[in-house]
Amino acid sequence: MKHLRSLRGFLAAAVVVAALASSAPARAEVGLGLFIGEPFGFDLKLDLQRNTSLDLLLGATTVRDGRANYGHLTYLVTPVVGRGRSVVVPLRLGIGGAFFDGGGDFAEEVNLAVRAPLEIGLRFRRAPLELYGEVAVKITFLDGRDNNATIDLDGGIGLRVML
């Protein structure tokens, strides 16, 4: 039964992303990529307006422990953008939610957390690529087995291809 609830939650998040994608401006960019660290997974970034975007990541909590089933949806704001001759350097702040399991199977346990990332990117002007790093504070408020830190730091690096 828990597995069905987590599936419903994931589907609800996917519907929200799809709805926002359809209301995004015509010139909105979409970035597809890979994030390596904690968490590890496939990343989708969708521009909403000039300085806002949604970031969806699906993958694993960590590769080191072999744990799987992680996802987050984060609303990002870009308050500062540095501009160089060959790169654009956006600084992003975000707020969002994460869901993850404790043992590799959502049927056993579903954990929920709030996360607040700080992200800095390097967008190359001559190539549709963005290299970025992220550090996020994660506050777990629902822990099925009480086996996760209440406050934790996540982070890593990623690469996105901008479409």
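**A close look at one residue and its surroundings**

A: Tyr 132 touches Phe 35, Asp 43, Glu 119, Ile 120, Gly 121, Gly 156, Ile 157, Gly 158, Leu 159 and Arg 160, leaving aside residues up to four places away in sequence. A contact here means heavy atoms within 4.5 Å. The model is predicted, so local features need pLDDT of at least 70 and side-chain atom pairs count only at pLDDT 80 or more, while totals for chains, interfaces and linings use all residues. Residues are numbered from 1 along each chain as its sequence is written, and side-chain values use heavy atoms, with hydrogens and water left out.

Tyr 132 also belongs to the largest nonpolar core. Its 7 residues are Phe 35, Leu 57, Tyr 70, Ala 98, Phe 100, Ala 113 and Tyr 132. Such a core is a set of buried Ala, Val, Leu, Ile, Met, Phe, Trp, Tyr and Cys residues joined through side-chain atoms within 4.5 Å. Nonpolar side chains tend to be buried together in soluble globular proteins.

Arg 160 sits in strand β8. Strands (E, at least two residues) are DSSP runs, as are helices (H or I, at least four), and both are numbered from the N terminus. Arg 160 counts as buried because its relative accessible area is 0%. Buried means under 20%, exposed over 50%, and partly exposed in between (1.4 Å probe, protein chains only). The side chain of Arg 160 makes a polar contact of 3.4 Å with that of Glu 119. That term means a pair of N or O atoms within 3.5 Å; within protein, one must be able to donate a hydrogen and the other to accept it, and residues adjacent in sequence count only if both atoms are side-chain atoms. Beyond four places in sequence, Arg 160 touches several others, including Asp 43, Asp 55, Arg 92 and Glu 130.

Ile 151 lies in strand β8 too. Is Ile 151 buried or exposed? Ile 151 counts as exposed because its relative accessibility is 61%.

Finally, step back to the whole chain. The protein chain has 1 helix and 8 strands. Along the sequence, the pattern runs α-β-β-β-β-β-β-β-β. Of its 163 residues, 37% are buried. Among contacts with a separation of 6 or more, 49% join residues 24 or more positions apart.
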